[in-house]
Amino acid sequence: MLAQNRSALFEQLALPLLPSLYSHSFWLCRNHAEAEDIVQETLSKALRAFDSFQAGTNFKAWVFRILRNTFLTSRTAIAISRTVFLEDHLDQVDVTDTTPTPEDVLLRLDSEAALSEAVERLHPQLREVLLLCEVEGLKYKEIAMVLDVPIGTVMSRISRARRTLQDQLREQLGGSL
């Protein structure tokens, strides 16, 4: 395949993933500037290695694996958790919805904050596998490829993450789950 065609194919596959790559990068490193750097480095590495990518395989899983490895090599340990302020998530409030009352919005913000806080408190391994599954929509087999672990480990971590998240939310919300 011509270099120009490969480059166009790479753009076609990679550009739709930019928001997801950034989002996952941010969850890993907890810093906007660092997340952007990791995504840029990931895409640079992916482009350089694109000749090794096999057509017909899962590009998303392949590039997420590169992202994860880029993150891990950029640090000696998994990122330290930081506080998430509600003001940082005001863009997630659906202001076009006319039915909720201000009280509904406040309760939803409180629930979103509780969920974000609970996700933040998850062990990094559990948080990463849960985000790859629930946010990025990767299948267990794809997650196993990204993390380079057996599929049973993925299933176990997802189960533990969900159970831990549920316990934390039940504790935070006073057992109303």
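The model is predicted, so local features need pLDDT of at least 70 and side-chain atom pairs count only at pLDDT 80 or more, while totals for chains, interfaces and linings use all residues. Residues are numbered from 1 along each chain as its sequence is written, and side-chain values use heavy atoms, with hydrogens and water left out.

The chain holds eight helices and zero strands (DSSP runs numbered from the N terminus, helices being H or I of at least four residues and strands E of at least two). Of its 177 residues, 35% count as buried, that is, under 20% relative accessible area with a 1.4 Å probe, protein chains only.

The largest nonpolar core has 32 residues, and Leu21, Phe59, Trp62, Val63 and Ile143 have the most contacts inside it. Such a core is a set of buried Ala, Val, Leu, Ile, Met, Phe, Trp, Tyr and Cys residues joined through side-chain atoms within 4.5 Å. Two or more residues come from each of α1 (3-14), α2 (18-29), α3 (32-48), α4 (59-73), α6 (124-135), α7 (140-147) and α8 (151-172). The most, eight residues, come from α4. Apart from this core lies another, of nine residues, among them Ala118, Leu122, Ala161 and Leu169.

Leaving aside neighbours within four places in sequence, Val63 is in contact (heavy atoms within 4.5 Å) with Leu17, Leu21, Thr42 and Ala46.

Conventions
Buried < 20%, exposed > 50% of the residue type's maximum accessible area, 1.4 Å probe, protein only.
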